[in-house]
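Let's take a walk through this structure together. Have the sequence and the 3D view open side by side as we go.

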Amino acid sequence: MPLIFDALRNAARDLMRPRVLLLVAVPVVCAALVWALLGWLFWERLAAWVNGLILATSAGRWLADWMGGALRLISTIVALVLLAPGALLTSLLVTEFLTLPALIRFVGERYHPNLMHKQGGTFAGSIANTAKAVAVFLVLWVVTLPLWFTGIGALIVPAMNSAYLNHRVFRYDTLADHADAVELQTLAASNRRCLYLLALLLAAFNYVPLVNLVVPALTGLAFTHFQLGALAKLRESPQSALAK
């Protein structure tokens, strides 16, 4: 637990540093441009498709007859829910491949300058790990979609799904350059619950206006602080010393 709070505190402090502020805007701007373009091109088709699905049900036809405005509102909400994972994935992938390497260098140079780079991870391993995490995330999103309409589920379920995605992706990428293959496996196994809890805490910031704009970079920073700190502690342990 101390590593979680240290990671969050250090990540929040680093967000204010000029070098990091330049990186914060990258995933936000890229995701906004991509989805503004897609929305301009396909929004009417998506809204019409969702509206058709709703009208295919007896409840949808009843709404159309008695509350046409409510039907349009529901169609818009459902369309936005369907687009949400795409927007989340866009921010994640931009952060992972464009922003995260620079954040890792920053944290490594500033906080762990003597931490040896053993390069146990590979680009192919990162792609495979991300692809698997995204596939599971999309399945979870579809399976849990009905829970969005249970009230509290609309707050809890998306956060839990995004936490799963973030912790699976960032737990590998943040250590790929510094840890060897054994250390990658050891830390992934021993810190699985802590990393998911860290991701869940960060996912809660998505519900805070304006703050949610920096969540991708904040997540990358927090995971980097946690993972490099955990790796440093692992290498300082007596068992690690004996293994050398």
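Which residue forms a salt bridge with K118? Keep in mind that this is a predicted model. The partner is E183, and the closest N and O atoms of the two side chains are 4.0 Å apart. This pair brings together distant parts of the chain, since K118 sits in the loop between α4 and α5, while E183 belongs to helix α7 (residues 181–190), 65 residues apart.

Side chains of opposite charge can pair when their charged atoms come close.

The structure holds 4 salt bridges. Another one of them joins the side chains of D14 and R17, at 2.7 Å from N to O. Here D14 is buried, with a relative accessible area of 0%.

Now turn to α5. This helix has 21 residues and reaches 30 Å from its first C-alpha to its last, close to the 30 Å expected at 1.5 Å a residue. Its buried residues are G125, S126, N129, T130, A133, V134, F137 and W141. Seen down the axis of α5, these buried residues fall within an arc of 155°, so they line one face of the helix. An α-helix has 3.6 residues a turn, so residues three or four places apart point the same way. On the other side of α5, you will find A124, V139, V142 and V143 exposed.

From here, move on to the second largest pocket, with about 400 Å³ of space. The elements that give two or more residues to its lining are α4 (68–111) and α5 (123–143). The biggest contribution is that of α4, with 8 residues. In total, 20 residues line the second largest pocket, and P101, I104, D173, A176 and D177 lie nearest its centre. Sorted by class, the lining of this pocket has 8 nonpolar, 7 polar and 5 charged residues.

Terms used:
Residues are numbered from 1 along each chain as its sequence is written. This is a predicted model: local features need pLDDT of at least 70, side-chain atom pairs count only at pLDDT 80 or more; totals for chains, interfaces and linings use all residues. Side-chain values use heavy atoms; hydrogens and water are left out. On a 1 Å grid over the protein atoms alone, a cavity is a set of points where a 1.4 Å probe fits but cannot get out, and a pocket is an open set with protein on both sides within 12 Å along at least five of seven lines; lining residues have an atom within 4 Å of a point. Grid points are joined across faces, edges and corners, and a volume is the space filled by probe spheres set on the points. Helices (H or I, at least four residues) and strands (E, at least two) are DSSP runs, numbered from the N terminus. Ala, Val, Leu, Ile, Met, Phe, Trp, Tyr, Cys and Pro count as nonpolar, Asp, Glu, Lys and Arg as charged, and the others, Gly among them, as polar. The expected span of a helix is 1.5 Å times one less than its number of residues. Buried means under 20% relative accessible area, exposed over 50%, partly exposed in between (1.4 Å probe, protein chains only). The arc is that of the directions from the helix axis to the C-beta atoms.
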